[in-house]
Amino acid sequence: MHDFLYRNSELYAEGVPVRRIAEKVGTPLYIYSHKTLLRHIRAYQGAFDGHPHIVCFALKANSNPAILRVFAQNGFGADVVSGGELFLALRAGIPPRRIVYAGVGKTREEITYALKSRILMFNVESPDELKFIDSIAGDLGLKAPIALRVNPDIDPRTHPYISTGLRKNKFGIPIEDAIENYLIARRLQNVEILGIHKHIGSQITDLRPFVDALKRVIILADDLRRHGIEIKHLDIGGGLGISYKGDEAPPEPGELSKAILPIIRGYGFNLILEPGRSITGNAGIFVTRVLYLKSQKGKTFVIVDGGMNDLLRPSLYNAYHEIIPVRRHRRRRIVADIVGPICESGDFLARERELPRPERGEFLAVMSAGAYGFTMSSNYNSRPRPAEVLVKGNRFYVIRERESYRDLIKGVKVPDFLR
Ligand code: LLP
């Protein structure tokens, strides 16, 4: 459910016409709805109420500082995968005791930063990393709180680029090697074992893989207990899917909790969840302006001012995003590729898409773009990155200005011999 709806043929973000924002701020542009965000935040809170838990929003989905403030104000934690994300989470006011840190390639600087910040725990992805964290913690005279990220070898039945819980993926430690690694961890002087972490993939639209993976993890927790290792935090990752086309029926947080809480009842775990997409995905749209129409050899292209550098998901995953006119009209429908200005054939927002024939200058809204939209944007083709706007009720707020050409040369230095 979201709050981008038509009123009298005009698309609104909550109480504000999208066209008004686009004309004022320019395009391409991301627009988020505060109301939708809050609704999704509350859905998670309500679903796990009554069981000790922390919802750690996965910053990789959306790390705009204003958006992060909404999470901080609502008691959320953060799932971070880099020093940069840790910095943004802390700066937004998310307490370090609610921050977990995953990622296969944590550097010395990042580990040091996280240790000094006193985060809740590291989700450790390899034996090498475990030893490295131990030695850095030793140097600092600190004890590193850790969970091992285990790979339960469960197929999440999602796009191969975003499935992580299979043996062939680079993530985590194979679950059958977990005990051995927990025993190694126990012998290390400077780490404290606090949890188990798993995350099997993203855009999962079925409860089955969550349940199957969790059952494997519970067997591991039982085994660990027999070895005298008590697990305090059970981190089940993120991954709940959203509806992109309208015909998917991804489970709601409430259904997820109904499926998993009975499995962990009686264990006394503090449950950690790391949702990203299911919170911000449908809370954001990407707005782009039609520049040209071009028909050749039986094919029509709608050329827009937003490209793969702004919204990469269609190009990278062949992902489907619904695209609708900001001002609804009754012109005849055409089938077209909606493409950006980037000099790559892979630069498209949609292929072979049926839509009412747009005209030059009109705005199109690309739906469900609030997760992995702006965060995956780049300056490719030396394009300044888009602006971001947050709508609340009848008001809108620019929460990130559009980059300028000046930003393209920030930090750049030309050596003397080239002057
Ligand atoms: N926790 C961990 C350890 C993760 O790796 C991820 C996502 C999440 C949580 C959040 O997953 P979510 O709830 O958002 O599904 N760029 C891709 C998605 C990559 C997901 C990477 N990991 C896309 O645009 O579909």
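**View 1. The surroundings of Glu125 in this predicted model.** Leaving aside neighbours within four places in sequence, Glu125 is in contact with Ala102, Gly103, Val104, Lys106, Arg149, Phe171, Gly172 and Ile173. To find Glu125, look in the loop between β8 (121-124) and α6 (127-140). Is Glu125 buried or exposed? Its relative accessible area is 3%, which is under the 20% cut-off, so Glu125 counts as buried. Two backbone nitrogens lie by polar atoms of the Glu125 side chain: that of Gly103 at 2.9 Å, and that of Gly172 at 2.9 Å.

**View 2. A salt bridge between Arg383 and Asp310.** Here the two side chains meet with a distance of 2.7 Å, N to O. Arg383 sits in the loop between β19 (363-366) and β20 (387-392), while Asp310 sits in the loop between β15 (299-304) and α11 (313-317), so this pair ties together parts that are 73 residues apart in sequence. How accessible are the partners? Arg383 is buried, with a relative accessible area of 17%, and Asp310 is buried too, at 0%.

**View 3. Arg331 and its salt bridges with Glu359 and Glu362.** Start with the side chains of Glu359 and Arg331, which meet at 3.7 Å, N to O. Glu359 belongs to the loop between β18 (348-356) and β19, and Arg331 to the loop between β16 (323-325) and β17 (333-339); these distant parts of the chain are 28 residues apart. Now turn to Glu362: the closest N and O atoms of Arg331 and Glu362 are 2.5 Å apart. That pair also links distant parts of the chain, 31 residues apart, with Glu362 in the loop between β18 and β19. Glu359 is partly exposed at 40% relative accessibility, Arg331 is partly exposed at 28%, and Glu362 is buried at 18%.

**View 4. Where domain 1 touches domain 2.** The domain assignment gives domain 1 as 4-31 + 281-409 and domain 2 as 95-275. Their C-alpha centres lie 35 Å apart.

Methods
Residues numbered from 1 in each chain as written. Predicted model: local features only at pLDDT ≥ 70, side-chain atom pairs only at ≥ 80, totals over all residues. Heavy atoms only, no water. Domains from an automatic or database assignment. Contact = heavy atoms within 4.5 Å. Helix = DSSP H or I, 4+ residues; strand = E, 2+ residues; numbered from the N terminus. Buried < 20%, exposed > 50% of the residue type's maximum accessible area, 1.4 Å probe, protein only. Polar contact = N/O pair within 3.5 Å; in protein donor to acceptor, adjacent residues only side chain to side chain. Salt bridge = Lys/Arg side-chain N within 4 Å of Asp/Glu carboxyl O.
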